[in-house]
Amino acid sequence: MLEVDKKIKIFLEELLNEEVIKDLENYNDQGVKITAHTYDVFILSVNEIKKIYSNLFKASEEIDLFSIVVGTIVHDLSKGSLRKQEEGLSHSQVMLRNPDYVVKETENLLEKIEEKTGLKLKNSVRKNIIHIVVSHHGKWGKINPSTKEAHLVHWADMYSAKYHRINPVEANGILKGFEKGESLIEVSKRYKCTTGIIKDRLKKSKQELKLGSTKQLLNYFRKNKKVPIGDEFFSKRIIETEKLIRSVEKKGFKNLILGNEILKYLDENKIFEFEDRNLKGDTDEKKD
């Protein structure tokens, strides 16, 4: 069990229990649940912090780790809210054309958590979180990152999008279905994807083997029990994305966040406004 400052644990648990955060589980982005991508950005950020600063203790003395934790959790909030509200704009379009929407959404959520927990964030921490969220698209958005924390999350988001945002369907699973007599449409329904994705995965495998038809590919699969997924870059994307998805499905998004070691290095005194209840009590007594 991690030893985490009580106030931090309360705040993060309340945040992760919010409906708008839980809603991210219900939406996919190119075949990957938003929660899986969100966790990916979180863990990529944590691992990069350890590389840059040698360890998390040193990092805690130089950067705002809490803002990175919260910023990664909420950075793609509008991917869920825009779809739920059936807005005409996508998350990417909002980041480019109307970043104020993202700012307001983040501010409202933080205020809601503050009200529920009675914990008020320091203004500097609040600003750090909001800047991380509004700038995480970098040059593909309207606002560029200008802090160490925001640059780090932007890098993690770009890496995740490049390597781990791909429908993890690959030729071997498709060919197993064909071997059992499934049609192209039946395979696509089983994988909950378009027939275009199925055709693309078969094409990549055929290119690696220099085969001209799906029939030849199926014969190769029957003989060798396995076919190449694609080139080295594509194969890496598929394998790592499958691993990410399984991890989040098995352990749960909330549990993975709350169980990460970075939480041990967060100091509630650096995060929340201090309330001197004793001083208030003394004042009240004097008034009496």
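Among contacts (heavy atoms within 4.5 Å) in the chain between residues at least 6 apart in sequence, 70% join residues at least 24 apart. This is a predicted model, in which local features need pLDDT of at least 70 and side-chain atom pairs count only at pLDDT 80 or more, while totals for chains, interfaces and linings use all residues. Residues are numbered from 1 along each chain as its sequence is written, and side-chain values use heavy atoms, with hydrogens and water left out.

Colleague: How many of the residues of helix α5 are buried?

Modeller: Helices (H or I, at least four residues) are DSSP runs, numbered from the N terminus, and α5 covers residues 65-74. Buried means under 20% relative accessible area (1.4 Å probe, protein chains only). Among the buried residues of α5 are Phe-66, Gly-71 and Val-74. The number buried is 10 of 10.

Colleague: Are α8 and α9 parallel or oblique to each other?

Modeller: Two packed helices are described by the angle between their axes and the distance between the axes. Helices α8 (residues 99-117) and α9 (residues 123-134) have axes 9 Å apart and pack at an angle of about 140°. Angles under 35 degrees count as roughly parallel, over 145 as roughly antiparallel, 65 to 115 as roughly perpendicular and the rest as oblique. The relation of α8 to α9 is therefore oblique.

Colleague: Which residues of α9 make the contact with α8?

Modeller: On the α8 side, the contact includes Pro-99, Leu-110 and Glu-114. The α9 side consists of Arg-126, Ile-129, Ile-130, Val-133 and Val-134.

Notes: Buried < 20%, exposed > 50% of the residue type's maximum accessible area, 1.4 Å probe, protein only. Helix = DSSP H or I, 4+ residues; strand = E, 2+ residues; numbered from the N terminus. Axes fitted to C-alpha atoms, helices over the stretch in contact; angles between N-to-C directions.
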